[in-house]
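Dear colleague,

Please find the structure below for your records. My notes on the findings follow directly after it.

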Amino acid sequence: MTGINATRVQNYIGDPISAEAPRPRAELEEIFADIQADFRYDHELNGCLNCGICTATCPAAHYYDFSPREIVQLLWTENLEGIYDAMQEKIWACAQCYTCAARCPFGNSPGGLIMLMREAAIKHGMESAKNVLRPFSRVMLKLISTGNQLAPDMITADHFADWGPNVSKIDAPLALLRKAIPMPTLNTTKTAWEVNLKTSVELYTIWEATGVLDQLETIDENLFDVITDIMDEKREDWEEFLEEEHEGD
Amino acid sequence: MTIPTGERFTGHGAEWRDSSLSPAEADTATRWVEQKIDKRSMLTNKDRVEDVRDIMWQLEKEGEIVVHRVSDEHEPVMVKTLYGWEKKIPTKRLWHHKSCGQCGNIPGYPASLLWLMNELNIEYLDETDQTSCTAWNYHGSGIGNIESLAAVFLRNFHQAYVSAKAQGLPEGYYYPLVHCGTSFGNYKEVRSYLLHSAKLRERTKQILGKLGRLVDGKLLIPEEVVHYSEWLHIIRDRITERQIIDASELRATIHPACHVYKMVPEDAIYDDDILEGNRVAVSTGLIEALGAQVIDYKTWYDCCGFGFRHIISEREFTRSFAIDRKVKIAVEEANADVMIGHDTGCITTLDKNQWIGKAAGKGYDLPILADCQFAALVCGAHPYKIVQSHWHASSTETLMDKLGIDWQAKKAEFEAYLKQIEAGGPQDNLYDPRKMVTSGPGFKGIRIEHQA
C-alpha cells in the first residue's frame, strides 16, 4: 500500500502485510553503494557495540526523533530500508557538532556518516533533500556566485525577526556602517568581504570540476540557471581583463 | 519492586528497574561519574590514534607534496595538544583567512584581532583573494563533497603561500591564520583525508593544476593548520602587558567551539595549568590571564545550537538549545557577567537568540563576545570603532558598565565619526588599503616596507 493514505513508514519502507516494497531493492542497493563508495566511509565506521554514548551526548537527540546510535547501527547492519527511511527526515536533524565523533570509543563519526547520507540524498534527488534545502537557496546563490557564504545584506530584521530589534544598535544605513569598519576589505554590503574577480572565477571552476554544480542542478534547476548566467558573465569579465592585460604588455 | 505512582518517563523501556541505591551509594556513584564525564579522558579513550603529520613528512620526502613550513621567520611557539604532541604556532607574518560569518555579521571580531596585532606590531596581510571555506554550506546542506572541500582548502592555502609576491617578498612569507572554527575543523579534517588518500590527491592535483596553484608541480600542504584563538593563546602574556582595564570583578563563562576541538581533537591545545588540562586551553587561558574569573558550568561541553542548517531553517531548535542549554545555565548556575567564545556560529547563535526568549518567559540577557573582542576591549580598543559592539544583540553595554567603560560617550564619538564619513571625510583603517588587492583588477603592485 502506497500513496496519500499510506503512513510514512508504508511509503518509504513498504507494507509488511502486502509485502510490497515501494522502492525497488535495486534502488536501495544503489543508494547504499553510493554511501559506501565514499572513501571516508571506512574511516568513519569501524564497528558499534550500541553503547549509546553518541546519543547520550547529542544535542539533536534532545529535540528530535533522532539518534546517532541508530544511524550507525543501520549502516553497520546494512539495513537498506532503514537507511532509506532515515534519509527522508532523520539525517537532517543532526546539528553537525561532532560531539559523537569525539566521544565514540570505536572512533566512529556518526556526524561524518550523516554527511555521506546527505550527499547521497542530494545525488538521488530525494524530495526530502529538496524540501530541506529550499531555505538554503539564498546562501547557495551567494556562495557560488561570489565566493562568500554570508553577506551583510542577508542579515536584516526582515529575515531574522526573531533576533529582535538589535540587528544593529546604531541606526544608520548599512553601507555607512560598513564603511566605518576599519578593515578596507570589509567596506562591502553584498559580500562579507571584497572578493577578487579571479577568486570567484577560481571557486566556480572548482564547483564545476568536482560535480557540485551537478548536485545543485538536481536539487534546484532554477537556481542552477541563475547561477550559471551570473558566472558566465563573471568569466567573460575575467577573460576581458586578461586580454587587456596581455595587450598592455 | 514498587513502581512509584504518577508519571515517570525514563526512556529505558519496560525492563528498566530502579537501582535502589542508598543516598550514600548514590553519592559515590555520582562522584565516580563526575570524575569521568566531560573530562579529557573522554576524548583519549581511543585504541588507534595517529599524527597525520608523520604521513605528511613522508609524502614530502617521497616528492609527492610540498609542505608550507612554519619557519623561524614566523617566530613560532611550541604548544602541547591533546595527547601531549607538539604543535608549532607562528606568532608573526600572518595571512588572515577570514570568516564570512564574522566579516558579514560580527565585523568587530576580525577588526579586534587585527587591532591587537597592530598594538603588538605584528605583520600581517588581509587581502581580497580568498574564498569562504564553504564548510558552513556543506555541513548545513550537503551540497559539496570531499573533493570540492579539499580543492578550496588547497586553493586558499596556496594563495596564502604566494601572496607576499605582490609586495616583492618571497613565497611562504606569510603563514595562514584561520579565523573561523568551522573552517579550522574542516581544513584539519580535509588535510588528513588528503594525506591518507592518493586518489583524492590525484583528483585535486588536476584541479589545482588548472588553477595554476601547484608548487613545483606538487600540492602544497600546510605544516600546521592554525586557528586565531591558538595565536591569542600563545601571545596572551604580551596582550596582558597592554591591558589597561581591570577585569578581576567579572565572572566569565567560556563556550568552547565544537569544530575547534571536537573535530580532529588530537590537534587541540591542552595545558595542565588551565582547568587541570581537562578543557581545551584556548580562550580560557587568555581570559584567565586577563584577570577575569572563569566560572565552570555544567553544559560547557554542549554545542551552541547553531546546527549549520538549523540557524537558517529550524531556528526553534537553535534558539531553544542556545537558551536552555547554554545561556540559562551560564546565568543561573554560574551567575556569569559574560560568555566568551572563539567561533563565528557560536557567537552569532548565543548573541542573537536571547531576545526571543522573552516570548517564553526566559528573558535572559547575557553579553556575548569573542575572546579577541574582550581582549581588545580591556586593552583600550574603541568599543564601537574597533570592537563594533553595536552589531551585538546581547547587552554588551552592561558588560562595559561593569568594566567602567563610558560607552555612551564612546557611542557618541562613533556617531560623530559616521557623520564624518557620510560627509566624505577620512576613514580610519587598520592597515594600508593598497595592500588588500594582490592581483587582478585593481592591483597596483606596490612594494611595502616589511619587518626584519
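Two residues are counted as in contact if their C-beta atoms, placed from the backbone, lie within 7 Å. The model is predicted: local features need pLDDT of at least 70 and side-chain atom pairs count only at pLDDT 80 or more, whereas totals for chains, interfaces and linings use all residues. Residues are numbered from 1 along each chain as its sequence is written, and chains are lettered from A and ligands numbered from 1 in the order in which they are written.

Domains and their contact

Domain bounds come from an automatic or database domain assignment. For chain B they give domain 1 (52–229) and domain 2 (244–416), with 26 Å between their centres, taken over C-alpha atoms. In this pair, 35 residues of domain 1 of chain B are in contact with 36 residues of domain 2 of chain B. Helix 4 of chain B provides the largest share of the domain 1 side, 8 residues; helices (H or I, at least four residues) and strands (E, at least two) are DSSP runs, numbered from the N terminus. That side comprises 14 nonpolar, 16 polar and 5 charged residues. Here Ala, Val, Leu, Ile, Met, Phe, Trp, Tyr, Cys and Pro count as nonpolar, Asp, Glu, Lys and Arg as charged, and the others, Gly among them, as polar.

Chain A is assigned domain 1 (8–124) and domain 2 (133–248), and their C-alpha centres lie 33 Å apart.

Contact between the chains

The contact takes 86 residues from chain B and 72 residues from chain A. On the chain B side, helix 6 (residues 146–162) gives the most, with 6 residues. The residues of the chain B side divide into 37 nonpolar, 30 polar and 19 charged.

Strands of chain B

Two strands are taken to pair if DSSP finds at least two bridges between them. An open sheet of 3 strands has the order 5-4-6, with parallel pairing; its edge strands are strand 5 (124–125) and strand 6 (175–178). Strand 4 (residues 94–97) is joined to strand 5 by 2 bridges, and B:Trp95 stands opposite B:Leu125.

Strand 10 (residues 338–341) runs parallel to strand 8 (residues 251–255), joined by 4 bridges, with B:Gly341 as the bridge partner of B:His255. Strand 10 also pairs in the parallel sense with strand 11 (residues 368–370) over 3 bridges, where B:Met339 stands opposite B:Ile368.

With kind regards
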